[in-house]
Every structure is written in structure tokens, then in C-alpha cells.
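The stops below are arranged as a sequence of selections.

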Amino acid sequence: MVEPKATDLMERIVSLCKRKGFIFQSSEIYGGINGFWDYGPLGAELKRNIKDYWWRAMTRWRQDVVGLEASIIMHPKVWHASGHTTTFADPMVDCLLTKKRFRADQIEPQSGTAYHYSGAQDASETVEGGPARNCAEPYSVLIETGKHPGYAQEIARKFYKERGVRWPTLLGERGEELQNTTRYNPDNGSLLTEPRLFNLMFKTHVGPVEDQENVAYLRPETAQAIFAQFKNVLDVARQKVPFGICQIGKAFRNEINPRNFTFRSREFEQMELEFFIRPDEAVEAVCGSVARPQGPGHPGRPQANWGWQMWHQYWVEERIGFYENIGLPRASLVEYWQKPEELAHYARATVDILYKFPFSKRDAAGEPAGEELEGIAARGDFDLSQHQRFSGKSMVVFDEELKAAWPKVEKERQEQLLNSYGQARLKYLTKSGEPEEKAVPQAREEADRLAQGYFVPHVIEPSAGVDRLALALICNAYAEDQAPDEKGKMESRIVLRLHPRVAPVKVAIFPLLKNRPELVGKAVEIRDLLRPHLAVFYDETGAIGRRYRRQDEAGTPFGVTVDFDTLGEKGPEFKDTVTLRARDTMQQTRMKINDLLPFLSEKIQ
Ligand code: GAP
């Protein structure tokens, strides 16, 4: 079978999502609203399954992670402390001709000949006898080298016409060869505006008065609430560092250019964990040394002597394992280590987990490079320190073991540890604008406090997007193959090979014929038996082959057919057995009704 081209494939996936009720455009009856999406019956189940599995894997099945559900709108100071009000911005450019908006850093570099014009003179006087409206605004158009300048002139005339020059005669044309420029609209060659920064947070007002005093923001990430509530959670959760707080919830970003279906949306959901750890100096004081990674791969069960690098590697591997457990094979993922120049100034390391979407750019070898599903960042103690500074509330924890261990550390090593901890604190304080005369004694004091068992915890942050994961799962599951129809003739089918853990419907129940009350009655009985435990779909209309096909497209992994054998017509040994059909292999097996629940439960756990 010929593989569909990537764009063609994406179109088919988008069309299936709408047709089957996974994803609809928000407010579609009013023409839609860019960057917002609604999840239909199947999509809502898929998202819920993703979030449920994440929640179970990240907190219920662990001793060391607890959950949080915070409000979307928080005190605006949260966003001053996190840096979002000042630095959460993307560079934006507009096409001077069409006004289309782009993110400047997402424009592909282009080469070609730029034709520059110094302005345009209006020939109206001579052509129509009306008053001339000249324009002295310079403008440029980039076209392929070797193409006739007439192409550039046509675009330029449109530009000057837009500015009121009715019959533009272009002035001062000058050609220039350009390499790898990002200053021109890739769609039409028109010059773009200079880049300007655009803050991505949605603003609103709290209360009836719309003034500066009442400005608030829709959260652009769920993480900050975890930091802001760190002390409250610590007080009640009977946890001590290392431990984590996780949260699932909506986030909002006024993206300049939402694109690739739901991949870059303006409203989306995040699943974030902040895992708090000791600074390495404290680990060494308690354990005598700090364990660091000895090579790639999962480092195993957490150990007390792990430094931040071990914890970081641990969470990268845990998260990749999570994706594999819901059906994204490792080969479909890319583990991308951000380069030093890409890291945020406070981050020590960040690994992005990418999925090879059909719309991903290709690398030099022609392979999809992948797009981000999740980032796993080692963020040091930056976040809690910021909230401590801005709120004036302590984010320091007391570590009994550290206090007890410190006096046993050799004097010389104590000095070295205090020095390295103090230097890191000094770096943070001076970067945050604290004058040196204040920062130096404060860093020294904080180092002294470490020796008494007090520190601001460091953090590892695995931060994932629900919507991107839902899209990755759909893309990964989408397949077109051949299946036999009623008469055994092969026909093409669309099948979503979703993992049973995330599949919206786990099993479909079909009576062979809808006009036979004994078959219908038994099928309804089975539906009601399974329904309290898993998502079931009952369907009695249409030929059985067509019913299978509908469920294949919905990603339902199993189908159960109640036939005359179920009623014992073929012999007592078949009574109360059904046909279980597997979506992917299309194999049919006979199974006792009583065995269905344990069988299905095992598949979806
Ligand atoms: N607290 C860290 C943080 O928010 P991020 O890389 O900006 O980091 C984390 O976002 C995840 O949220 C991304 O990996 C992605 O899955 C999801 N995400 C971010 N922006 C998104 C958008 N505009 N649309 C859909 N998902 C988005």
C-alpha cells in the first residue's frame, strides 16, 4: 500500500477527527475561532483517559507525589515573580501587504533576489486626470533568483495601491541577492515589519472595574500554582524533600500563530509535575557523595544519594516509559537535549520529548525531526526563590537529616560545600538584580543556614500537554488497510489502532440481528454487565461488517458479537459464549461471557 504524503495524511486525520467526533472547531457555527478547539464524544473520552492514566502514574501509584488543583486566575504578582509579565513574549512580524501575522522565529530562511523600491508615483493625473497620490514609503519583494522582476513589480504595485496610489509607477528599483533571510513573507515575498515582542498572556479584569489595579491573567502554565502553594502542601501532605506536587489543568497563551490543528492552540491543558529535591551540597553532606549518571537509560529506583542529574535522567526515562505504555513506540519519539544557548538562564538541563508528527520538519536524512510533547527541565531553586523574594514568605525547608549529618562532614569539605552553595545563591541574587553589597552577605547567610539544615529546594519539572499528546496518539494510531466485507471481499478500511488504555470506547457490543429479541436481550445484558467498569458502546444497526468498520474508525479495540451460538443453538458447550473480535488483527475468538470482564480489565489497566 502506498503511504499517503505527510500533508495529505494530516488532512485525512483532521477529517476523521471531525467525522467521528474527536475534535471540532470551537464555535464552528459562527465560523470558528482561531486556536480554540472542542472535543466531541470520542475526543472527550480520549482526553479523559490520557489525564486519568497520567494522574494514576504520577501520583496514585507513587508514595512521593501528591496532587493539586489550583484556580486558573491567580494574584498577578505570581506572574511578576515567575517572570511571565516581562519575558513571556514571542517576536512577531506582519506582512506589509496582507497583514498576515507570523512568529518571527518560525519563518524559514529564504534566499533569492530582493527588489527594493523607494516609493511609487501616481499616474492618475495622466491616466484619469484626477489628483495624484504618491507614496514615498520604501518597500521590497523577495523572488526566486532568475525569475523576471515583473513578479516583484506586481506585488509592489499591489502594496502601493493599498496605500492609495491608484496607478503606481514604481520608483528607484534596485535588485539585491540575499541568502537565508527571514525578513520576507514566505507565501508572497512581501517585506515584513520589524519584529516586535508580544506578551502571550491573556489579560482580564477581576471585579467590575476595568482599570490597571484589577488586571489579572489567565494562567499560561499550571506550574506556578504549585510553587505558590508549595508551603501549604508541605505542611499537610506528610511528605519531605524529595517529593513532588502534580497538577492537570487548563492553560492559555495568546499564540501569535496557532497552527497544525490542535498542536499550537490558544487554550490547552497541561499535566505538570514539580519534583522537589535537595541541592547537591545537602545530598553530599547526608550521604557522603552524590550519585551521577553512569550512562544512558533508566537509573532504577530512586536513591537517597541521587543528585539533580540522576533525578533528571530518572524523570526523562519515566516519562518516555509513560508514552510507551499508552502506545507511542520509542522509535516515534525523539529525546532532544536543549543546547546550552537554548536553555533558560536558570535551567541546568532540559530534555524535550518530541513526537514525529506528520507535519514535523524533516532533518538532513529526510526523517521527521519531531515536535515537542513535553519538556523535562532541571530548574535549580529559581522558582521557589523568586516566590520567596516577591511574596516575602519563606520557601525554605528544614532537613533534620542534613542538620544531623553536617557536623560529621570533614571541615575542609564543609568549607567547599558551603562555598559552592553560596556561589550558586550569589549568582541567583545578582542575576535577580540584588546589589552586590546586599547579595554577598545574604548568600553567605543562606550558606550558613544550609549547615543548620535549611535550604530552598531545587526542582525537576516534567511538563506535558494533553492536547498535543491526544493528537500524537491519533496520528500514531491512524492506519489504512484492507479488511474483508460481509462476503469476504477485501475493501479498504480506516482504523485507529489506539492503545486499549486510552481508547475512548473499550468494547462494542453487537447483537447479530436487531429483530431477534433473544439476541438483543443477551447483548443488552452483556452491555449492562460491563458498563460499570469500562466504556462500552452498544450498536445494533447495520450489517455486522459495517458496525465493525465504524468501531475501527473510533479506535475501539474489541468487538463482542452475540449470535445464535450464544443462545446455545449450536450446542450447550457454546451457550453463553460470544465472538470477541480484535480490532488490529481482526481475529475472532470464542469467549465465555464471564471471562470478558477480567480479559478486558487486564488490557486497559
Ligand atoms: N511549566 C513549563 C511549561 O509550561 P512549556 O514547554 O511552555 O513549559 C509545556 O509547555 C507543554 O505544554 C509543552 O510541551 C506542550 O505539550 C504544551 N503546550 C505549550 N504550549 C502549547 C500550545 N500553544 N498548544 C498546545 N500545547 C501547548
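Of the 605 residues of the protein chain, 51% count as buried, where buried means under 20% relative accessible area, exposed over 50%, and partly exposed in between (1.4 Å probe, protein chains only). The model is predicted, so local features need pLDDT of at least 70 and side-chain atom pairs count only at pLDDT 80 or more, while totals for chains, interfaces and linings use all residues. Residues are numbered from 1 along each chain as its sequence is written, and side-chain values use heavy atoms, with hydrogens and water left out.

The protein chain has 18 helices and 28 strands; helices (H or I, at least four residues) and strands (E, at least two) are DSSP runs, numbered from the N terminus. Among contacts between residues at least 6 apart in sequence, 67% join residues at least 24 apart, a contact being heavy atoms within 4.5 Å.

Select residues 41–60, which form helix H2. At 1.5 Å a residue, the 20 residues of H2 should span 28 Å, and the end C-alpha atoms are 26 Å apart, which agrees; the expected span is 1.5 Å times one less than the number of residues. Colour the buried positions of H2: Leu42, Gly43, Leu46, Lys47, Asn49, Ile50, Tyr53, Trp54, Met58 and Thr59. As background to such a pattern, an α-helix has 3.6 residues a turn, so residues three or four places apart point the same way.

Next, centre on Leu46 in H2. Leu46 is buried, with a relative accessible area of 1%. Which residues surround Leu46, leaving aside its neighbours within four places in sequence? They are Phe22, Ala470, Ile474, Leu498, Val502 and Pro504. For Ala470, the C-alpha atom lies 7.0 Å from that of Leu46, although the two residues are 424 apart in sequence.

**Glu269 in strand S15**

Move to strand S15 (residues 267–277) and select Glu269. Is Glu269 buried or exposed? Glu269 is buried, with a relative accessible area of 9%. Show its side chain together with that of Lys51: a polar contact of 3.0 Å joins them. A polar contact is a pair of N or O atoms within 3.5 Å; within protein, one must be able to donate a hydrogen and the other to accept it, and residues adjacent in sequence count only if both atoms are side-chain atoms. Beyond residues up to four places away in sequence, Glu269 touches Lys47, Lys51, Ile248, Gly249, Lys250, Ala464, Gly465, Val466 and Asp467.

**Two loops around strand S14**

Select Pro242, in the loop between H8 and strand S14 (243–252). The peptide bond from Val241 to Pro242 is cis, with omega near 5°. In the loop between S14 and S15, select Phe261. Phi of Phe261 is near 60°, a positive value in a residue other than glycine. Phe261 is buried, with a relative accessible area of 12%.

**Helix H11**

Select residues 382–391 for helix H11, which is mostly covered, with 7 of its 10 residues buried. Those buried are Phe382, Asp383, Leu384, Ser385, Gln386, His387 and Gln388. To see what covers them, display elements including helix H3 (76–82), helix H7 (223–228), helix H8 (230–236), S15, helix H13 (411–431) and strand S21 (458–465). Just after H11, Gly392 takes a positive phi of about 75°.

Go to strand S23 (residues 490–496) and select Ser492. Ser492 is exposed, with a relative accessible area of 54%. Not counting residues up to four places away in sequence, Ser492 touches Asp481 and Gln482.

**Helices H16 and H18**

Display helix H16 (residues 517–530) with helix H18 (residues 593–604): their axes come within 11 Å and cross at roughly 35°. Axes are lines fitted to C-alpha atoms, for helices over the stretch in contact, and angles run from 0 to 180 degrees between N-to-C directions. The contact is made by Lys522, Ile526, Leu529 and Leu530 of H16 and by Ile593, Leu596, Leu597 and Leu600 of H18.

**Asp576**

Finish at Asp576, in the loop between strand S26 (558–562) and strand S27 (577–582). Phi of Asp576 is near 60°, a positive value in a residue other than glycine. Asp576 is partly exposed, with a relative accessible area of 30%.
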